[in-house]
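Welcome to the tour! Open your viewer, get ready to select residues, and follow along stop by stop.

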Amino acid sequence: MARAVTPQRKAINTIAAWIIGLLIFFPILWTILTSFKTEAAAVAFPPQFLNFDWTFENYTTVQERSSYFRHFWNSVVISLGSTVIGLIIAVPAAWAMAFVPGKQTKNVLMWMLSTKMLPPVGVLIPIYLLFRQFGLLDTRTGLVIVLTLMNLPIIVWMLYTYFREIPVDILEAARMDGASLRKEIIYILTPMAVPGIASTLLLNVILSWNEAFWTLNLTAAKAAPLTAFIASYSSPEGLFYAKLSAASTMAIAPILILGWFSQKQLVRGLTFGAVK
Amino acid sequence: MRDPRSSWASPWLSGSIPVLVLAALPALLFVGVLLYFTLWAVVFSFTDLELFGRKATDWSFVGIENYERLFTRRGFLESLWTTLTFTFFSAIVGQSVLGFLLASTLRRYRGSMRGTIEVCLMLGWLLPDIVAAFLWSATTSKTGLVNQVILGPLGVEPVNFLNDYALQVVILANIWKGTAWSYLLYSAALDNVPGEVVEAAKVDGANGWQRTRRVILPIIKPHIGTNMLFITIWTFTYFPLIYAMTGGGPGSQTETLPIFLYQQSFSVGKLGYGSAISVAMLAIVGVMSIFYLRLLKEPK
């Protein structure tokens, strides 16, 4: 769809788009750079862009002072745990809805997705009380349960949009050739469903990794994942820019790397399959 | 487009229906649990339950006292107003309009530039809220980037933006964080606008603005509705970013409803009152959804 755009206009648009892109990216870049500065250099005036003494001391300090790796491990366990359990529950459901839709399937799906519209604060109080009673506060188990609950609607919805793209004719052909339900699942459905499951997994790991509301409210020190760990760094003793930058960089590095390699799948996942 | 699976599937698959119903059950149960918790919040909202002390165990029903308090005590209405301002400017004005402008500008370009900017946008989306909050606090603090790089060289005294312009800064931060979603959705919507229709309008002498207003916008109206529905509700109930940036302060300048609820419930300890706030929020969100869904349905 070629539209005649004058060269000047195109240049202006291009420049504007680049400026917006850079503006958006700059704070992230600045944080990564700051993480390699000393605290003094981090607030120096005029600001030092690349011409400072690079140091790794922030990273070692952060690790020593608050055992980064423990929080990292918490993040891994919580995000992977909740995603895997969510998938185990959601795959059969999405499969059923995609392949044998009833009159109410669309409504059920919308109803599930609409629970995502509920403000999480609305259920915080009951869940908090329940967790207190069962000793689940500040445990990884508790967080895995909550995040599974919260992300399940999205997981089901995403899988459903992927499963629907699997041609139903193939299943029928397999049935005609005498395949049992079990064989159908193992030899036909699974291979075709793997890409969809993989992107769902990826998106949910990222969502759970970033989750802050529940992790802040339901953990203290023991089970705190990286997000809560960063929050604890920023509050009481004033801002330590360089150290906080190092902590942030370490917390976002896995996400940035994952995100970079899986852009296409993420776009689709983030928009609930609205973008193919 | 007819979907072959729109009604009951073929007889070849219907043999396994009981199995399939069974398969869907756990997921439905799980989502049901979520609604069950919501019901509890409704029940609590009629009690004087507290977080600590005697009333943590020995609570009683107090009728609609908590709801009366929403309107008679200071806090709720002010907070509602802050939330609406925050939502209107950051979601509707910021994310949606900026997302649309970016989408309609960038769609004329292919290749590396579009890709690069998309990645930049996505990064904001991908960052944990807490990290985004830190980025923005650091950027706008007295020794932060804006003061050092822009205001300092101009000779302006350093400004502590988070103190003096707290609401504006959180709104900006949320625009930064959330524009990607609107952009992606609008991008996809614009790709679906048939080129011939736009060309035809152009041949008929419609200028750029008219083409957008009279041709493109009506075509992508459903997408606009969907996008608005999601971002309005998300922003309305958004907690971590503001909480980590300002904690609702200074004073109560950035105290949106989720933060107000959180403080009343867990700092003050009035869980009954907090539950009433959450039920009120649910009601507001419900009204918004109905409004947007009406908007979506109108012309088919």
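A residue is called buried under 20% relative accessible area, exposed over 50%, and partly exposed in between, using a 1.4 Å probe and protein chains only. What you see is a predicted model, where local features need pLDDT of at least 70, side-chain atom pairs count only at pLDDT 80 or more, and totals for chains, interfaces and linings use all residues. Residues are numbered from 1 along each chain as its sequence is written, chains are lettered from A and ligands numbered from 1 in the order in which they are written, and side-chain values use heavy atoms, with hydrogens and water left out.

**Stop 1: chain A**

Color chain A by secondary structure, and you will find 13 helices and zero strands. Helices here are DSSP runs of H or I with at least four residues, strands are E runs of at least two, and both are numbered from the N terminus. Of the 276 residues in chain A, 54% are buried.

Now select residues 140-163 of chain A, which form helix α7. Where does this helix kink? Look at Asn151(A), shortly before the proline Pro153(A), for a kink of about 45°. That bend is the angle between axes fitted to the seven residues ending there and the seven starting there. In α7(A), 21 of the 24 residues are buried.

**Stop 2: a threonine in chain B**

Next, select Thr87(B), in helix α4 (residues 76-106) of chain B. Buried or exposed? Thr87(B) counts as buried, because its relative accessibility is 4%. A polar atom of its side chain lies 2.7 Å from the backbone oxygen of Thr83(B). Leaving aside neighbours within four places in sequence, Thr87(B) is in contact (heavy atoms within 4.5 Å) with Ile92(B), Thr232(B), Thr235(B) and Phe236(B).

**Stop 3: salt bridges**

A salt bridge puts a side-chain nitrogen of Lys or Arg within 4 Å of a carboxyl oxygen of Asp or Glu. How many does the structure hold over all chains? There are four.

Select Lys270(B) and Glu50(B), whose side chains meet in one of them (3.5 Å, N to O). Lys270(B) lies in the loop between α14 and α15 of chain B and Glu50(B) in the loop between α2 and α3, so the pair ties together parts that are 220 residues apart in sequence.

Move on to Glu65(B) and Arg69(B), another salt bridge (3.7 Å, N to O). Both lie in helix α3 of chain B, four residues apart, about one turn of the helix. Glu65(B) is partly exposed at 39%, while Arg69(B) is buried at 16%.

Finish at Glu78(B) and Arg74(B), whose side chains also meet in a salt bridge (3.5 Å, N to O). Glu78(B) counts as partly exposed at 35% relative accessibility, whereas Arg74(B) is exposed at 70%.

Note on methods. A polar contact is a pair of N or O atoms within 3.5 Å; within protein, one must be able to donate a hydrogen and the other to accept it, and residues adjacent in sequence count only if both atoms are side-chain atoms.
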